Structures are given as C-alpha cells and as structure tokens.
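Hello,

Here is the structure you asked for. My notes on it follow below.

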Amino acid sequence: MKLSDKDFELLRDFIYNHCGMYFHASKKYFLESRIARRLEATKCSDIHGYMGHLKVGMGKTEELTKLLNEITTNETCFFRNPPQLKALENVFLPEIVATKGKIGFRKIRIWSAGSSSGEEAYTMAMMMLEKRSTILKDWIIEIVGTDISESVLAQAREGIYNAYSVRNTPDFYLKKYFREETGGRFLLSPDVKKLVSFSHLNLYEDSKMVFMKSFDFIFCANVLIYFDLASKTKVVQHFYNNLQPYGYFFVGQSESLHGVNDKFKTVHFPGGFAYKK
C-alpha cells in the first residue's frame, strides 16, 4: 500500500512515541510494506482505521506487539563479533572476576539488550560455562536477554536454530553444546538454556529500565541504529545507570557513542573497542 506523507508521519510518530524507534523518510517504502500486512490481518481499510485499532481495546497491547514484530529486523548469529568475545574472555572477564573476588561477591551478571532470537545471550552462556572449572568456579552466573519483539523471544526460549545461525560457531562449541538433527536443525543444550532468562522490554520505557540494575557486562549490538539522537541519548543513559562502576558496555562493530554520551570512556582492544564509566 502507498502512504501519503502525512499518514507516514502519523504512523512514524506513533511508533517513535511508544518505543523511540525513528523511521527516516527514506524508510517509507519499508514501513509501507510492513504496515500493509497488518492492515490485511486486522481487516482495516486504511491507516486511520488501523491507528484507531492500535489505540483502543486489545489493539493497545496485542496489535502493538504484532506491529513491532513486523518492523524490527532480527539478523544475528552465534559468536557474531570474535574480537569482542576474545577481549571479553581474555581481558575483561578476568579483570572483573579479580575485582569482585576481592570483595567476596561471586556473581557475574550479563545483559543482552535487543537479544533477538537469543544467539548473543547463549553465546555468553557457553563462554561462561567453559570458565566454570577455572575462574568462575563456585560463581553464580546470571544472563538476561531482552527484546521488544515477543516473536523472537519465543524463538529464543525454544533454543532451536538453523545452520545459518550457527555458521560462525567454533567446532568445539558446536559439538559440545548443540545436537544436530535431520533437516539442518541445531538443538541447544539444556545446560546452556538454563543460564539465560528472556523477557520483553522496551528500552525506551523509563519505568522498566530502572529495574535492570547492577550488570557487569551489557551488550547492545545493532539496536541503537533504530533510534534518533534524542532517544539514543535517553536509552544509553539507562545503560550507563545500570552498569556496575567497573563494568563494560559493548555496541555493534559499526556503532559508536560519539556525540551521544560523554560519560563513557572508550577502551580499545585488538579489532574493536568497548565502553566503561
């Protein structure tokens, strides 16, 4: 369907006010194609009828969830950013374990924000499991995955993946933590799944973000690209508030906090960088 400029702005502003995701005019065609599916599904004849449906009754929750499922892109895989993971394993994790060990607080908390279908959070879980016989012996490991899309969270909880999702997974991890079935399905080990909890979270919602406290590591890869500067600044401030004083914040390879937040300092490592307070 074709949206007039006015109708496009109406829909775009509604989405922005709800979750901070901003669609530039160049994304009009994308939004038109996604909204057409929802108009057909809800039997609404035009965008105004659909907007009314979004604002009353069950549409305020159920249809909004379905709309957000349509407009979010969930492209990810296991072991997506090798330089980042190598730095985490060899530098940042031992550093935080040493820091927390001195005060006798033996718990590691990791947050995968915009976790999509769970590959990033489960990658962390596998890496942490490998440390249970050494530096994380007798430690509590808590990993939280959050996303605004209920459909990808359901996939994450299932823990069933295709060959494309595991394409970057080292053979060691693939053989140890997955069971390959016919049809190219890879079933994740229950030992990995039980380390991670998944929940719905709108990063733009202040009242919910307040409760995401005391994380040692926060990963938010390829999520901030959906936000304009104002909403990005707001969301990044939440991450800052919810990160431990000695913790690390990671974004995607092509992302940066330059001009967004000057409270973080950049920490470089071979092949990439992270942020800390």
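**Cysteines, cores and a sheet**

The disulfide count comes to zero, a disulfide being a pair of cysteine sulfur atoms within 2.5 Å. This is a predicted model, in which local features need pLDDT of at least 70, side-chain atom pairs count only at pLDDT 80 or more, and totals for chains, interfaces and linings use all residues. Residues are numbered from 1 along each chain as its sequence is written, and side-chain values use heavy atoms, with hydrogens and water left out.

Cys 220 is buried, at 0% relative accessible area; Cys 44, at 18%, also counts as buried. Buried means under 20% relative accessible area (1.4 Å probe, protein chains only).

The largest nonpolar core has 49 residues. Such a core is a set of buried Ala, Val, Leu, Ile, Met, Phe, Trp, Tyr and Cys residues joined through side-chain atoms within 4.5 Å. Among those touching the most other members are Ile 15, Trp 111 and Phe 239. Helix 1 (5–19) is one of the elements giving two or more residues, and its six are the largest share. Helices here are DSSP runs of H or I, at least four residues, and strands are runs of E, at least two, numbered from the N terminus. Because domain 1 (5–71) and domain 2 (82–276) both contribute residues, the core lies between them; the bounds come from an automatic or database domain assignment.

A second, separate core of 44 residues includes Met 128 and Leu 153.

There is also an open three-stranded sheet, order 3-5-4, with antiparallel pairing. Strands pair if DSSP finds at least two bridges between them; strand 4 and strand 5 (185–188) have four.

Regards

Note on methods:
Buried < 20%, exposed > 50% of the residue type's maximum accessible area, 1.4 Å probe, protein only.
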